[in-house]
Amino acid sequence: MNLIVCKNYEEVSAEAAKIVFEQIKQKPDSVLGLATGSTPEGLYANMIRANQAGEISFRDVRTVNLDEYYPIRPENDQSYRYFMNQKLFLHIDIDRSNTHVPDGTAADPQKEGLRYEQLISDLGGIDLQVLGIGQNGHIGFNEPDTELDAITHKTDLTPSTIAVNSRFFASEEDVPKQALTMGMRSILNARKIILLACGKEKHTALQHLLNGKISTHWPASLLNLHSDVTVICDTAAREG
Ligand code: F6R
């Protein structure tokens, strides 16, 4: 596992952007696995800036997002589809038909999971997966448990994730209780993975990733099974 420790959030975002740009320069039609949440917003701002400055084009890039609340409509301003459109897709030269998010309106979540896996495979697999990390060590919405799902599936959010995510909603009751998420295999199949972690709240989860041991109770720790993971964190997350 490669570890890059940065002074602050801005540096973390810039380091992540460097890796994304390098990937796209090497393969202009790269498949990027993307995350939502607060952490990658700075990366997305860098992508927008570089695109608008004419430094990089996303014309041929394809994207697959990790997760989506369930059930939720894409036009709901709390949906991850809405987040991605607002924070990135609407501001860069990507073809929006090449951007994919699990369908929060799917009548049959199991079928949607299989469709999403097939889609990732039809795209040729994920070249570079961007991850955040939950305070409880989740990646995507693979929440700590005695067993974890391998492929894209519907999952219950833990009370702690609902509490943490309530900051985006009027109240905790408004936070959806379920989500569709890529599974551990979907994530680990990516050719290259970067995980961004900022703030002391992430310290414990990061420790469980960096100590080299694997536990389904700290889902991010399974990234130790992958041979090309770069963790980019700030000193607060590293030192606690
Ligand atoms: C979001 C996702 C989650 C977040 C995690 C950290 O698509 O998959 O695993 O990455 O909850 O969220 P932030 O960045 O808001 O701390």
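**Briefing: strand pairing, helix packing and pockets**

Strand 1 and strand 10 (residues 229–234) pair in the parallel sense over 5 bridges; two strands pair if DSSP finds at least two bridges between them. Helices (H or I, at least four residues) and strands (E, at least two) are DSSP runs, numbered from the N terminus. This is a predicted model in which local features need pLDDT of at least 70 and side-chain atom pairs count only at pLDDT 80 or more, whereas totals for chains, interfaces and linings use all residues. Residues are numbered from 1 along each chain as its sequence is written, and side-chain values use heavy atoms, with hydrogens and water left out.

- Asn2 has Thr230 in strand 10 as its bridge partner.
- Strand 8 (residues 178–181) pairs in the antiparallel sense with strand 4 (residues 67–70) over 4 bridges, and Ala179 is the bridge partner of Tyr69.
- Strand 7 (residues 153–156) also runs antiparallel to strand 8, joined by 4 bridges, with His153 opposite Thr181.

**Helix 2 and helix 3**

- Helix 2 (residues 41–52) and helix 3 (residues 80–87) pack at about 40 degrees, with axes 10 Å apart.
- The two helices are therefore oblique to each other (under 35 degrees counts as roughly parallel, over 145 as roughly antiparallel, 65 to 115 as roughly perpendicular and the rest as oblique).
- Glu41, Tyr44 and Ile48 in helix 2 meet Phe83, Met84 and Lys87 in helix 3.

**Largest pocket**

- The largest pocket has a volume of about 720 Å³, a volume being the space filled by probe spheres set on grid points joined across faces, edges and corners.
- A pocket is an open set of points on a 1 Å grid over the protein atoms alone, where a 1.4 Å probe fits, with protein on both sides within 12 Å along at least five of seven lines; lining residues have an atom within 4 Å of a point.
- Of its 36 lining residues, Gly37, Ser38, Asn165, Arg167 and Phe168 are the closest to the centre.
- Helix 3 gives the most to this lining, with 5 residues.

Note on methods: Axes fitted to C-alpha atoms, helices over the stretch in contact; angles between N-to-C directions. Contact = heavy atoms within 4.5 Å.
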